[in-house]
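Visitor: I would like to learn how to read the features of a model like this one. Please take them one at a time.

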Amino acid sequence: MKIRRNPDLEDKAPFKAPLVYAPLDKRQEQNSEIRQLEAMKRPPEQDSVLLNNYVKAGAGNLKSLFGEAYFSNGRDQALQFGGYLKHFSQSGSLEKQSQSKDDVGVFGKSIMGDNNISGRITYNRMGTNFYGYDQSAPDNSFVPGKQHFNTIGAEAELAKNYKGVENDFTYALKIKGYAFSNAYQARENNFVISGFINQTVKQFYAGLSGSVDLSSQKDSLYKISNNILRLNPYIKFQGTNYKIDAGVNIEKEFGDFGKFYIFPAAKLEVQVIPKYVRLFVEAKGDINRTSLHDLAYINPFIGQNIEIKNSVDQLDLSAGLKGTLAPGLSFKASVFRNSVKNMPLLVSNFDAEVNKFKVIYDDGKARVNGFNGELDFKASDDFNIFGRVEIKDYQMASEAQPWNLPKFLLTAGTSININNQVSITGSLLFRGSTNDRISTTSGGTSTMVQKPIASFADLSGGVQYKATHQITVFVQANNILSTSYQNWLYYPNYGFNIFGGVGYSF
């Protein structure tokens with residue numbers, strides 16, 4: 001069908017406005033590409049209220065008193081300083097069976113440019129009594145004597161800060177010392193200067209470490225100067241699958257002793273299963289300075305005029321495996337063979353000092369073979385369990401037994417966070433049987449008789465409840481099995497002990 005359309009016969013002229021151009025003095029941007037987004041600045045974190053100070057106090061059976069206090073200046077990237085106070089005391093069922101421990105200390109650290117300086121001053125005091133006696137033959141006239149140990153110590157260290165650069169040169173210098181005394185006339189002063197320098201060249205390390213150990217020991221019958229100079233030049237190589245340490249320990253006694261030694265100081269580590277298991281082998285030696293301070297804290301019932309003679313680890317060999325078996329499960333296992341000259345042994349000296357102990361030395365070269373094993377399982381931040389076992393076999397040079405040295409030792413512990421408020425800790429100590437010796441007289445003849453000390457287990461645990469952000473309540477139980485065991489002959493340990501208290505943060 002034809003559509004009819006008539007033409008428009010009206011003559012119309014459209015109006016066009018005049019154009020005006022105003023060019024802009026601006027470069028045209030090309031927006032065809034995707035513009036890169038700028039990273040959004042992270043908003044500042046709202047830190048929780050920092051509580052720099054903490055006090056804790058408690059009491060329990062066995063006349064137990066417990067207290068701790070910690071103080072610090074809080075968060076500072078260049079300066080930290082603070083202090084602490086500790087006290088613990090308890091009393092047992094025997095006459096004068098009591099013990100007290102006190103610790104006081106201040107510390108500080110300053111970071112300045114390439115170096116940092118740190119230091120601390122400490123005071124430790126331990127008090128006890130010579131309460132031990134043969135309970136199968138009680139003596140009504142027995143009066144326990146008193147004993148206490150005081151130690152004032154200080155140390156300062158200058159070290160280069162880690163930078164993480166290639167071919168770095170590092171160094172450190174440390175000065176420390178202490179003054180020790182007991183309730184009688186034993187005194188010991190010790191001053192040590194130690195340090196190292198190390199140059200790194202890619203995977204190659206070379207350096208020198210050393211120390212000067214100055215010590216003076218005196219009692220009513222002697223005064224001894226016992227000093228040791230140590231130098232340890234070393235070379236280290238480290239790669240992805242290996243690590244080699246090669247060096248020697250050069251050591252010289254001077255003072256009242258004057259022997260010179262050169263020991264190996266070498267260690268090799270190789271990846272057996274990459275990222276999981278490493279094989280290590282080590283050989284080393286060292287001089288062990290006999291210290292009145294160390295002996296007193298090992299056995300607080302030690303007597304007077306202790307014989308001083310340094311023991312020597314002539315050659316310690318060990319080999320083993322360490323690494324990770326599964327996520328959170330790490331281990332270390334090794335076998336060792338040590339050669340020890342003049343091994344110190346703590347034995348009873350009851351015939352001369354009633355109920356005190358002395359130090360004797362296994363003259364000659366003793367062999368110690370054994371196994372060490374460690375296992376740590378951390379399933380999460382809220383559950384951790386760990387343990388260590390030591391098995392030793394002693395081949396003595398002159399003594400019949402390794403007196404008061406256990407051949408089996410097991411330590412284990414756990415830490416469990418039930419939730420944000422409740423946490424549980426526990427520990428277990430199992431020590432194998434040991435032997436001591438006593439002197440007996442029969443028919444005018446004095447002989448040494450072996451006295452066995454039974455093995456024992458000591459189980460401890462604690463619970464802490466966080467009532468508020470600042471207040472915590474705790475309960476601690478020691479010797480839960482209430483085992484009447486002895487670490488030292490005729491000195492039974494404390495029985496079941498439970499105490500609790502409150503902690504406050506501010």
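Visitor: Which residue's side chain meets that of Arg 388 in a salt bridge?

Guide: A word on the source first: this is a predicted model. A salt bridge here needs a side-chain nitrogen of Lys or Arg within 4 Å of a carboxyl oxygen of Asp or Glu. The partner of Arg 388 is Glu 390, with 3.0 Å from N to O. Arg 388 has a relative accessible area of 26%, so it is classed as partly exposed.

Visitor: How many salt bridges does the rule give?

Guide: The count comes to 16 salt bridges. One of them joins the side chains of Glu 251 and Arg 230, at 3.6 Å from N to O. Glu 251 belongs to strand 11 (residues 242–255) and Arg 230 to strand 10 (residues 223–238), so this bridge ties together parts that are 21 residues apart in sequence. Both Glu 251 and Arg 230 are buried.

Visitor: What about Glu 269: buried or exposed?

Guide: Glu 269 counts as buried because its relative accessibility is 8%, and the limit for that class is under 20%. Its side chain meets the side chain of Arg 278 in a salt bridge, 3.0 Å from N to O.

Visitor: Next, aromatic rings. How many aromatic pairs does a search of the whole structure find?

Guide: The search finds 20 aromatic pairs. To read a pair, take the distance between ring centres and then the angle between planes; an angle over 60 degrees counts as edge-to-face. For Phe 66 and Phe 474 the centres are 5.8 Å apart and the planes stand at 70°, so the pair is edge-to-face. Phe 66 is in strand 2 (residues 64–72) and Phe 474 in strand 23 (residues 471–478), so the pair links distant parts of the chain, 408 residues apart.

Visitor: Which aromatic pair is stacked, with 20° between the planes?

Guide: That is Phe 149 with Phe 180, at 5.9 Å centre to centre. Phe 149 lies in strand 6 and Phe 180 in strand 7, so the pair ties together parts 31 residues apart in sequence. Phe 149 counts as buried at 1% relative accessibility, and Phe 180 is buried with a relative accessible area of 4%.

Visitor: Which residues do ring pairs link into a cluster?

Guide: One cluster contains Tyr 131, Phe 301, Phe 350, Phe 357, Trp 488, Tyr 490 and Tyr 491.

Visitor: Rings can also have a charge over the face. Which residue lies over the face of Tyr 234?

Guide: Lys 236 does, at 5.0 Å from the ring centre. Likewise, the charged end of Lys 356 sits over the ring of Tyr 184, 4.9 Å from its centre.

Visitor: How should I read empty space? How many cavities of 30 Å³ or more does the structure hold?

Guide: Rolling a probe the size of a water molecule over the atoms shows where empty space is left. The structure holds one cavity of 30 Å³ or more. About 80 Å³ of space lies in the largest cavity. Its lining includes Phe 149 and Phe 180, the stacked pair discussed above. Also among the lining residues are Leu 292, Ala 296 and Ile 306. Strand 6, strand 7 and helix 1 each give two or more residues to that lining. By class, the lining of this cavity has seven nonpolar, four polar and one charged residues.

Visitor: What space lies in the second largest pocket?

Guide: The second largest pocket has about 470 Å³ of space. It is lined by 22 residues, and the closest to its centre are Glu 155, Lys 176, Gly 177, Tyr 178 and Asn 190. Elements that give two or more residues to this lining include strand 5 (115–129), strand 8 (187–201) and helix 1 (292–298). The class breakdown for this pocket is four nonpolar, 10 polar and eight charged residues.

Visitor: Last, where is Asp 316 placed?

Guide: Asp 316 is in strand 14 (residues 311–326). With a relative accessible area of 11%, Asp 316 is buried. Its C-alpha atom is separated by 21 Å from that of Phe 331, 15 residues apart along the chain.

Technical notes. Residues numbered from 1 in each chain as written. Heavy atoms only, no water. 1 Å grid on protein atoms, 1.4 Å probe; cavity = no way out; pocket = protein on both sides within 12 Å on 5 of 7 lines; lining within 4 Å. Points joined across faces, edges and corners; volume = space filled by probe spheres on them. Helix = DSSP H or I, 4+ residues; strand = E, 2+ residues; numbered from the N terminus. Nonpolar A, V, L, I, M, F, W, Y, C, P; charged D, E, K, R; others polar. Phe/Tyr/Trp six-rings, centres within 6.5 Å; stacked < 30°, edge-to-face > 60°. Buried < 20%, exposed > 50% of the residue type's maximum accessible area, 1.4 Å probe, protein only. Lys NZ or Arg CZ within 6 Å of the ring centre and 35° of its normal.
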